[in-house]
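My notes follow in the order I looked things up.

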Amino acid sequence: MDLQIRGKKALMAGGSAGMGRATAERLAEAGAELYISARREERLMNAAREMSEKYGVKVTAVVADSSKEEGRRALFEACPDPDILAITIKPPAPNGDFLKLQPEDWRDSIETALIGPIEIMRHYIPGMKEKGWGRIVNIATFSAKNPMLWRLMSGPARSALINYTASVSREIAQYGVNINNILPGMFATEGADELVEVYADAFGLERDRDVAMNHFLENNKIPAGFVADAADMAPMAALLCSPLSRFIVGQNIVIDGGQHHSLF
Ligand SMILES: NC(=O)c1ccc[n+]([C@@H]2O[C@H](COP(=O)([O-])OP(=O)(O)OC[C@H]3O[C@@H](n4cnc5c(N)ncnc54)[C@H](OP(=O)(O)O)[C@@H]3O)[C@@H](O)[C@H]2O)c1
């Protein structure tokens, strides 16, 4: 399927690893001129070089923390007018006892998972409206609609994000600018790997990847029967970045192997 995005400018904020990288790969493969950002420089530069060599497109790397004003400014300067914007962050750490969460924990969660994406969208929406076309995709989390006691630093802020996009997307669709969100379940990514120790500590387990993974699978039934790779969500993300998705507005698409049991 031709995504019809050859030559379009695509910014993947959080594009050096995991689902952001997997999405960036599909956009580059489809011929988009790519901008990717992340906080850690070395992995980001490697990702940009590898994708540019593999797909023969221009890939610009921007070291920027989306949760900080300064980082967002760097992003806006490096990529002033994207046609396509996708945003992600690393998975926030699992919390232990909810009674121990402090106001600074909530502030950090909200700065990272809510204000960062909102401020990036708010900056780019006027330009997209003016051009009469744009696509925005947030890679958030299925715990936005499937509350989990150990995902309080991730779910609540993303519930607010999808509430925001539900309203804003319906205002800007008339200008050809669509916002949709992907709500992933469990994916084996670099970000998930980095959380093994925190997950183990939150549940009092041995700090071992297999032990943590088995504990997760025993406590979270995934009907598909496996933990997905980042590449399993990227085709949907790429479709939502394409003109082909012109009638998809303000949706939250859960990709979780059937784990979240609901009609919608
Ligand atoms: N993996 C899962 O099982 C899972 C489950 C449910 C939901 N999710 C959600 O899916 C999304 C992606 O997760 P993932 O597992 O693909 O993460 P990942 O493997 O850690 O990749 C995240 C990417 O975003 C970058 N990034 C992280 N924080 C950033 C920030 N503040 N500013 C700019 N770039 C940032 C990372 O690079 P740097 O670290 O160098 O910045 C990396 O390129 C997250 O929203 C997560 O909550 C994941």
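I began with burial: buried means under 20% relative accessible area, exposed means over 50%, and partly exposed lies in between (1.4 Å probe, protein chains only). The model is predicted, so I kept its limits in view: local features need pLDDT of at least 70, side-chain atom pairs count only at pLDDT 80 or more, and totals for chains, interfaces and linings use all residues. Residues are numbered from 1 along each chain as its sequence is written, and side-chain values use heavy atoms, with hydrogens and water left out.

**Entry 1: Ser 245**

I looked up Ser 245 and found 0% relative accessibility, so it counts as buried. Ser 245 belongs to the loop between α9 (234-240) and β9 (252-255). Helices (H or I, at least four residues) and strands (E, at least two) are DSSP runs, numbered from the N terminus. Next I listed contacts, meaning heavy atoms within 4.5 Å. Beyond residues up to four places away in sequence, Ser 245 touches Arg 135, Asn 178, Leu 239 and Leu 240. A polar atom of the Ser 245 side chain lies 3.4 Å from the backbone oxygen of Leu 239.

**Entry 2: the cores**

Which residues touch the most other members of the largest nonpolar core? I found Leu 75, Leu 85, Met 121, Tyr 124 and Ile 136, out of 39 residues. Such a core is a set of buried Ala, Val, Leu, Ile, Met, Phe, Trp, Tyr and Cys residues joined through side-chain atoms within 4.5 Å. Elements giving two or more residues include β1 (9-13), α3 (69-78) and α5 (155-172). Helix α4 gives the most, with eight residues. I also noted a second, separate core of 37 residues, with Ala 24, Ile 139, Met 233 and Leu 240 among them.

I then followed Met 121. Leaving aside neighbours within four places in sequence, Met 121 has contacts that include Leu 85, Ile 136, Leu 161 and Ile 179.

**Entry 3: Arg 158**

Is Arg 158 buried or exposed? I read 4% relative accessibility, so Arg 158 counts as buried. It lies in helix α5. Its contacts outside four places in sequence include Ile 89, Pro 92, Ala 113 and Thr 141. Arg 158 and Thr 141 are 17 residues apart along the chain, yet their C-alpha atoms are separated by 6.9 Å.

**Entry 4: salt bridges**

My rule was a side-chain nitrogen of Lys or Arg within 4 Å of a carboxyl oxygen of Asp or Glu. By this rule I have 16 salt bridges. Glu 194 pairs with Lys 90, with the closest N and O atoms 2.8 Å apart. That pair links distant parts of the chain, 104 residues apart: Glu 194 is in helix α6 (residues 190-194), and Lys 90 is in the loop between β4 and α4. Glu 194 is partly exposed at 33%, and Lys 90 is partly exposed at 33%.

I found Glu 119 bridged to Arg 122, the closest N and O atoms being 2.8 Å apart. The two are three residues apart in helix α4, so about one helical turn separates them. Glu 119 is partly exposed at 24%, while Arg 122 is exposed at 52%. I also logged a network of salt bridges linking Arg 21, Glu 25, Glu 50 and Lys 54.

How values were computed. A polar contact is a pair of N or O atoms within 3.5 Å; within protein, one must be able to donate a hydrogen and the other to accept it, and residues adjacent in sequence count only if both atoms are side-chain atoms.
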